[in-house]
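Morning, everyone. I have one structure for you today.

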Amino acid sequence: MSRVFVSLDTSALALGAERVAQAIAAEAKQRGAAVEIVRNGSRGLFWLEPLVEVEAGGQRLAYGPVAPRDVASLFEAGFLAGGAHALALGPTQDIAYLARQERLTFARVGLTDPLSLDDYRAHGGWRGLENALALAPAAIVREVTDSGLRGRGGAAFPAGTKWETVRGAGAKQKYIVCNADEGDSGTFSDRMLMEGDPFCLIEGMAIAGLAVGATQGYIYLRSEYPQAARILAAAIAKAREAGWLGADVGGSGRAFDIELRLGAGAYICGEETALLESLEGRRGIVRAKPPLPALAGLFGRPTAVNNVMTLAAVPLILERGAAYYRDYGMGRSRGTLPFQLAGNIRHGGLVEKAFGVTLNELLHDFGGGTLSGRPIRAVQVGGPLGAWIPPAQFDVPLDYERYGEIGAMLGHGGIVVFDDGVDMLRMARHAMEFCAEESCGKCTPCRIGSTRGVEVLDRVAANRDREAQLALLDSLCDTLLHGSACALGGMTPYPVLSALRHFPEDFGIGSQDHAP
Amino acid sequence: MSASSPRPPDAPDARIAALAQAHAALPGALLPLLHAIQDEFRCIPDEAVPLIAAALNLSRAEVHGVIGFYRHFRSHAPGRHVVQICRAEACQAVGALEIEAHARRALGCGFHATSADGSVTLEPVYCLGNCACGPSLRVDDEIVGRVDARRFDELLAELRSAP
């Protein structure tokens with residue numbers, strides 16, 4: 001029996017992986033070849049998807065990108081035994097893009113069958129949870145604190161500190177809420193992990209529950225991810241059936257369960273208090289802080305709200321110890337960040353690296369430059385609220401503090417590449433338009449200011465009283481920055497002002513004339 | 001695909017009331033209930049609002065406010081298929097706005113509208129998580145990547161000939 005791997009990841013499917021899997025099954029049947037097709041997660045080498053792997057000679061060999069019409073010739077070439085073919089890429093793990101990564105959180109993604117408990121166990125699964133079950137809650141929290149893990153959703157708040165607050169809160173009912181509302185353009189690491197290694201998230205949430213004393217977890221998943229929803233629902237059911245969730249987690253006598261909830265197309269619900277409102281059945285309107293959700297969160301109870309990537313990093317920390325994770329990274333940014341190369345990029349995909357890597361390395365050594373073959377002009381790091389980075393800053397290490405120093409942010413690690421055809425005034429306008437579209441309406445700067453921002457930029461584009469309009473834009477951004485209730489209004493000035501600062505010529509002014 | 005599931009034959013009020021009752025004990029039940037109703041009826045019909053409000057002990061205004069707040073929920077059934085075009089930055093970097101313009105021409109309608117033959121409702125979406133393989137579309141429950149005008153026309157022809 002030959003084992004063939006074809007991904008069930010959304011991006012692989014979006015490029016035709018389903019038809020490739022069907023073609024392989026049909027061809028195998030016709031030839032009488034005994035083939036088991038495993039639907040794995042994606043390796044994250046999206047320019048090679050649909051990627052087909054075979055197990056031969058004790059290793060995984062890759063072919064890609066495979067179209068249904070290539071399947072007959074792959075069989076002709078004896079690909080089941082690793083035969084030579086124009087699409088052959090050699091051993092998957094030796095592909096430079098993968099070999100040069102530091103895959104901690106994504107160690108299993110693409111390697112295993114996401115819904116196989118045996119596969120998960122065989123690749124180190126549940127060991128972190130088993131270790132946690134032998135520890136006192138405070139000791140679990142200390143391990144996470146010592147690892148240096150910070151919130152991967154974008155705010156980079158120390159995860160251990162948040163957990164310690166929830167642990168110390170006196171309440172009978174506490175909650176773990178996983179923020180899987182991955183709405184930033186250019187980000188897909190949460191999606192890839194949920195589709196490619198869902199038990200890892202479940203294990204991380206169970207450990208979080210033990211650490212803070214919560215017995216119920218919710219995953220708030222955006223409705224734009226139908227494939228992740230199907231896989232997560234199946235994984236939760238399997239984990240419960242196997243006793244890793246429920247009244248007796250891993251035979252410990254301690255309870256933790258997870259319910260999957262779907263969002264409904266509101267970007268603002270990625271903001272943690274709006275998310276909690278939505279989970280409670282209301283409009284996603286942000287809450288004032290304090291009280292912190294850690295003390296009064298879901299249904300008024302102490303709640304740890306963590307991003308998918310944060311929770312998925314936890315099993316490894318509990319398995320290998322805090323020092324193992326902390327030894328990656330630089331400064332106060334410890335561990336790895338799964339970066340996502342997106343937009344106009346030749347080799348787009350997932351690159352998990354320790355903090356400290358630069359855009360030059362990611363965009364050129366990994367990404368291979370633009371898809372269009374044109375020069376890179378601007379890169380947006382950290383989603384729609386992240387700053388635009390010009391090539392002159394591509395050598396700044398990707399580290400929370402270093403990016404803060406240049407008026408930028410890492411956010412969730414999304415990197416969106418534009419070539420020299422981009423109009424940065426139009427992108428600044430888009431940032432304001434997006435803010436207006438997604439504003440929850442709670443605070444005036446965001447609700448009204450974003451619409452005024454679109455109008456101001458339209459007048460700049462039309463060269464109507466440009467200098468005065470740019471002064472007005474500065475003032476408006478200042479109000480948004482300091483007067484908004486949450487990061488949506490508060491950070492929309494980042495892409496707007498960075499576009500203006502680095503690309504003033506697109507706004508009709510010389511670079512020396514305007515320095516906000 | 002949800003969009004091709006048949007509309008239940010009769011007594012939607014009774015069915016909605018049953019769904020509402022089945023969800024009533026769930027903490028924060030409103031969104032799960034709205035999803036369940038829309039999955040079955042392809043929209044949240046106006047007549048559902050008082051039934052939901054009664055079952056969950058909410059005012060009709062609260063229910064209406066939630067339906068209106070979230071882009072996913074709709075009060076009227078869409079065309080036979082729903083096509084969402086990603087308008088977010090990563091897809092813009094590889095030509096999403098050109099696809100949007102092409103789609104408007106090909107369908108003869110804009111966003112939040114349905115083509116004259118009733119086959120396709122066009123909607124904007126901000127990110128489908130397929131950002132390394134854009135421009136991206138969602139056709140009912142499937143994501144399609146690397147869409148150009150020719151690919152869009154092929155998809156459209158398939159949708160128009162499908163039931």
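Let me start with a question. Among contacts in chain B between residues at least 6 apart in sequence, what percentage join residues at least 24 apart? The answer is 60%. Keep in mind that this is a predicted model.

Let's stay with chain B. Its secondary structure comes to seven helices and five strands. Follow the sequence and you read α-α-α-α-β-α-α-β-β-β-β-α. The C-alpha trace spans about 50 × 30 × 20 Å along its principal axes. Chain B has 163 residues, and 44% of them count as buried.

Now, where do the two chains meet? On one side, 46 residues of chain A make contact; on the other, 34 residues of chain B. Several elements of chain A give two or more residues to the side that touches chain B, among them α1 (10–14), α12 (272–279) and β16 (414–419). What kinds of residues are on that side of chain A? They divide into 22 nonpolar, 17 polar and seven charged.

Next, a sheet in chain A. Five strands form an open sheet, in the order β13-β12-β16-β14-β15, with mixed pairing. In chain A, β13 (349–354) and β15 (388–389) stand at the edges. Each has a single partner strand, so one side of each is left without a neighbour in the sheet.

A quick reminder: strands of a sheet pair through backbone hydrogen bonds, either parallel or antiparallel.

Look at strand β14 of chain A, residues 376–381. Five bridges join it to β16(A), and the two run antiparallel. Pick out Val379(A): its bridge partner in β16(A) is Val417(A).

Thanks. Over to you.

Conventions
Residues numbered from 1 in each chain as written. Chains lettered and ligands numbered in written order. Predicted model: local features only at pLDDT ≥ 70, side-chain atom pairs only at ≥ 80, totals over all residues. Contact = placed C-beta atoms within 7 Å. Helix = DSSP H or I, 4+ residues; strand = E, 2+ residues; numbered from the N terminus. Nonpolar A, V, L, I, M, F, W, Y, C, P; charged D, E, K, R; others polar. Pairing = 2+ DSSP bridges. Buried ≥ 20, exposed ≤ 12 C-beta atoms within 10 Å, placed from the backbone.
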